[in-house]
Amino acid sequence: MDASDSPDADAADAAATAERSPHRDRDSDGLLAEQLLRLTRRLHRIQSRQLEPIGITPAQFRLLRTVASYDAAPRMADLAQRLDVVPRAVTTLVDALEASGRVRRAPDPDSRRVVRIEITDDGRATLRSLRNARRAAAEEILAPLTAGQREVLGELLSALVDGMPERHC
């Protein structure tokens, strides 16, 4: 466990929350939002720690997962849209994954101007390792919860995610 994952780090996050929210009793939605942000930061720290030995960032993992989810090799524009990021961000991620041999650029058979992104065998092997790392990170976060609490949390998170309006760039 590194310093950012310690109970002290969580206590510091809680103290910062209390300082920013002096009217916590009157601002329960604000407190919930702050707790969700703290949990997200903690999950990101744990996931980053799990991914570091594999030599990949959480953003690269997300891109690799997304490339693998397509039936046919996607275009860069498809990836940018699916990930809800600007195309330049996809280019940077693809560059890094291509340099490590996890994806490759391939010409589109129908258009010389289009480039497709294909996952390699190394990319598939990395993805399997990453899924195990992600599961370990989730287990660490969810360890304090019972099976029933996990089920309720899953239902609540689904309600929040499914109820979110779509963003249009």
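A pocket, as the word is used here, is an open set of grid points with protein on both sides within 12 Å along at least five of seven lines, and its lining residues are those that have an atom within 4 Å of a point. Keep in mind throughout the tour that the model is predicted.

**The whole chain.** Among contacts with a separation of 6 or more, 52% come from residues 24 or more positions apart.

**The largest pocket.** Next, select Leu36, Leu39, Thr40, Leu43 and Leu157, the residues nearest the centre of the largest pocket, which has 32 lining residues. Helix 2, helix 3, helix 6 and helix 7 (147–162) are the elements that each give two or more residues to this lining. The space inside comes to about 1400 Å³, and if the lining is coloured by residue class it divides into 20 nonpolar, 5 polar and 7 charged residues.

**Helix 3.** Show the side chains of Pro58, Gln60, Phe61, Leu63, Leu64, Thr66 and Val67, which are its buried residues. When reading such a list, recall that an α-helix has 3.6 residues a turn, so residues three or four places apart point the same way. The buried residues of helix 3 pack against helix 2 (28–51), helix 4 (76–83), helix 5 (87–99), strand 1 (103–107), strand 2 (115–119) and helix 6 (121–142).

**Helix 4.** From there, select Met76, Asp78, Leu79, Ala80 and Leu83, which are buried in helix 4; the elements that cover the buried residues of this helix include helix 3, helix 5, strand 1 and strand 2. After helix 4 comes Asp84, whose phi is positive, near 60°.

**Thr120.** Finish at Thr120, which is placed in the loop between strand 2 and helix 6. Thr120 counts as buried because its relative accessibility is 9%, below the cut-off of 20%. The side chain of Thr120 reaches the backbone oxygen of Gly101 at 2.5 Å. To see its surroundings, display Gly101, Arg102, Val103 and Arg104, which Thr120 touches when residues up to four places away in sequence are not counted.

Methods:
Residues numbered from 1 in each chain as written. Predicted model: local features only at pLDDT ≥ 70, side-chain atom pairs only at ≥ 80, totals over all residues. Heavy atoms only, no water. Buried < 20%, exposed > 50% of the residue type's maximum accessible area, 1.4 Å probe, protein only. Helix = DSSP H or I, 4+ residues; strand = E, 2+ residues; numbered from the N terminus. Contact = heavy atoms within 4.5 Å. Polar contact = N/O pair within 3.5 Å; in protein donor to acceptor, adjacent residues only side chain to side chain. 1 Å grid on protein atoms, 1.4 Å probe; cavity = no way out; pocket = protein on both sides within 12 Å on 5 of 7 lines; lining within 4 Å. Points joined across faces, edges and corners; volume = space filled by probe spheres on them. Nonpolar A, V, L, I, M, F, W, Y, C, P; charged D, E, K, R; others polar.
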